[in-house]
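Dear colleague,

Here is the structure I promised to pass on. My notes on what was found follow below it.

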Amino acid sequence: MGTMFRAAVIILFLSSILLQLVFSESNNGFVRIGLKKFKLDENNRIAARLTPQILGSKNDGGIVKLTNFMEKQYYGEISIGTPPQKFTVMFDTGSSKMWIPSSRRCYLSRWCFYARRSRTYIRNKYDARRSRTYKKNGTSAEIHYDSGSIAGRFSQDNVLVGGLTIKNQDFIEATKLSGSVFDFTKFDGILGLGFRELFDCGVVPVWYNMMNQGLIQNPVFSFWLNRNTKEEEGGELVFGGIDPKHHKGDHTYVPVTHKGYWQFDMNDVSINGQSIGVCKSGCSAIADSGTSLLSGPMTAITMINHEIGVTGGEVNHKCKSIVEEYGQTILKMLPREVAKKICSLIGLCPINGTKRMKKSNNRRTSISMCNTCEMIVVWMESQLVRNQTKNDIFNYVNKLCGSLPIPYQASDVDCSQISSMPIVSFLIGARNFTLSSKEYIWKIGEGADQECISGFLSIDVVSPPYKPFWIFGDIFMARYHTVFDFGKSIIGFTDAA
């Protein structure tokens, strides 16, 4: 169980860490897709006025039941072609393209077939020869993920989603899938709901064609994920507006800051109401339905996991050596200087945008020293504002240096300590959105074999033009009803009901 879970954790990066896409040659506009379980600044004032339409009419048509695997993979049924061929897909706000396994030469990939030992299952495969509405495209494509890749060719056909028929939709027929991550996905493919700008190469995404073909009246979709595993209905994806029965109170809306991912600004991160100081220069986040966990930069995740009692991690000797050599100097410069300036003044980071820093035979090592220094400064500053003694500050920082989370890897916690773990909150707009331990800890198995896993994962996303950002996956979206308003370029959150 543990091995399977840890491998499945990698799945969360299928959507949010898309690195590269390479090419060579109506029912009142309201569609429901049901899920089944297996301080105030100007931006905040602006956001408060940006409220999408709430649809009060109920239409039971256009409902697609979705299955949930291990409460971490949500996927539902669509169909392609005439007559329709059925597939399961993950509806993913962290990508914009759609791909489905192809029947053509898919034998080249073990992913397409049942492999008893790897616990995969038979994938549904699109067969263009069976569809009267198929149109050949033939342009080859590859999508490279952090933990795998797919390759194939574009095809065009009609796609049915929640009772809506999107005509002449381009999608990738995947003939090759690489990476063990696909051994643990229980869906056939991915249907992206991100912005076209994410990977724009002349292919119109499904969501855009829904709007272009007049299939929905309002350019809005919203997610509700049911956290009650005892109920059959696991949630609802609504195209065309908001279903008021699935949320409590008003949404807090914030502008989309960079079209591509559904990206927005976050103002602060706190533990038990105490800011940890990681957003002084601003934080950026994305809402990603294709991600299971909640991930963030190593600086912050190390602090959070330390507070909730994560065991294990890596001892970073470079971190400890910087503390030993420069710790006293850094402490004296705080809180007068910001982290980046301090690390430049002591020679571990570039000065005023130049490349001047302490000499190193390895450029990667120099960059790593700079990043580690800035991380240490943030840690020290977080303790200074709590009026901790010098000894306490150094003990704290050395503990963090000795337990850095391994990127992309889930971390264990003591199951018996869950009730005493802190509240973690995120300031978005004018509201603090909190997560309790029962919401951010995963329990796997039962009894003596039960494992408990932190829902906070370390990953520094640095793919240009994006600065490092947080990824709010299903752990957050299950707690908070989420609205994606394409027309107004805003995103909203409120308590799920």
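Strand β19 (residues 294-296) pairs with β25 in the parallel sense, over 3 bridges. Strands here are DSSP E runs of at least two residues, helices are H or I runs of at least four, and both are numbered from the N terminus; two strands count as paired if DSSP finds at least two bridges between them. Within this pairing, Gly296 stands opposite Ser458 of β25.

Before going further, please note that this is a predicted model: local features need pLDDT of at least 70 and side-chain atom pairs count only at pLDDT 80 or more, while totals for chains, interfaces and linings use all residues. Residues are numbered from 1 along each chain as its sequence is written, and side-chain values use heavy atoms, with hydrogens and water left out.

Both strands belong to an open sheet of 6 strands with mixed pairing, in the order β14-β15-β18-β26-β19-β25. The edges are β14 (258-259) and β25 (456-458); each has a single partner strand, so one side of each has no neighbour in the sheet. Helix α5 (residues 298-307) packs on the sheet and touches β19, β25 and β26 (469-472), where contact means heavy atoms within 4.5 Å. The direction of α5 makes about 140 degrees with that of β25; axes are lines fitted to C-alpha atoms, for helices over the stretch in contact, and angles run from 0 to 180 degrees between N-to-C directions.

There is also a hairpin. Strands β23 (residues 441-444) and β24 (residues 451-454) run antiparallel and are joined by 4 bridges. Ile441 has Ser454 in β24 as its bridge partner. The hairpin has 6 residues between its strands, and Gly445 takes a positive phi near 80 degrees.

Next, the cysteines. With a disulfide taken as a pair of cysteine sulfur atoms within 2.5 Å, the count comes to 5.

- Cys279 and Cys283 have their sulfur atoms 2.1 Å apart. The S-S torsion is about -100 degrees, so this disulfide is left-handed.
- Cys343 is joined to Cys373, S to S 2.1 Å. The torsion about the S-S bond is about -95 degrees, so this one is left-handed. It links distant parts of the chain, with Cys343 in helix α7 (residues 339-345) and Cys373 in helix α8 (residues 363-384), 30 residues apart. Cys343 and Cys373 are buried.
- Cys349 and Cys370 have sulfur atoms 1.9 Å apart. Their S-S torsion is about 105 degrees, so the disulfide is right-handed. Cys349 is in the loop between α7 and α8 and Cys370 in helix α8, so the pair ties together parts 21 residues apart in sequence. Cys349 and Cys370 are buried as well.

Last, the cores. A nonpolar core is a set of buried Ala, Val, Leu, Ile, Met, Phe, Trp, Tyr and Cys residues joined through side-chain atoms within 4.5 Å. The largest has 108 residues, and those with the most contacts inside it are Trp379, Phe426 and Trp470. Helix α8 gives the most to this core, with 8 residues. Another core, of 17 residues, lies apart from the largest one and includes Trp99, Ile143, Val181 and Val203.

Regards

Note on methods. Buried means under 20% relative accessible area, exposed over 50%, partly exposed in between (1.4 Å probe, protein chains only).
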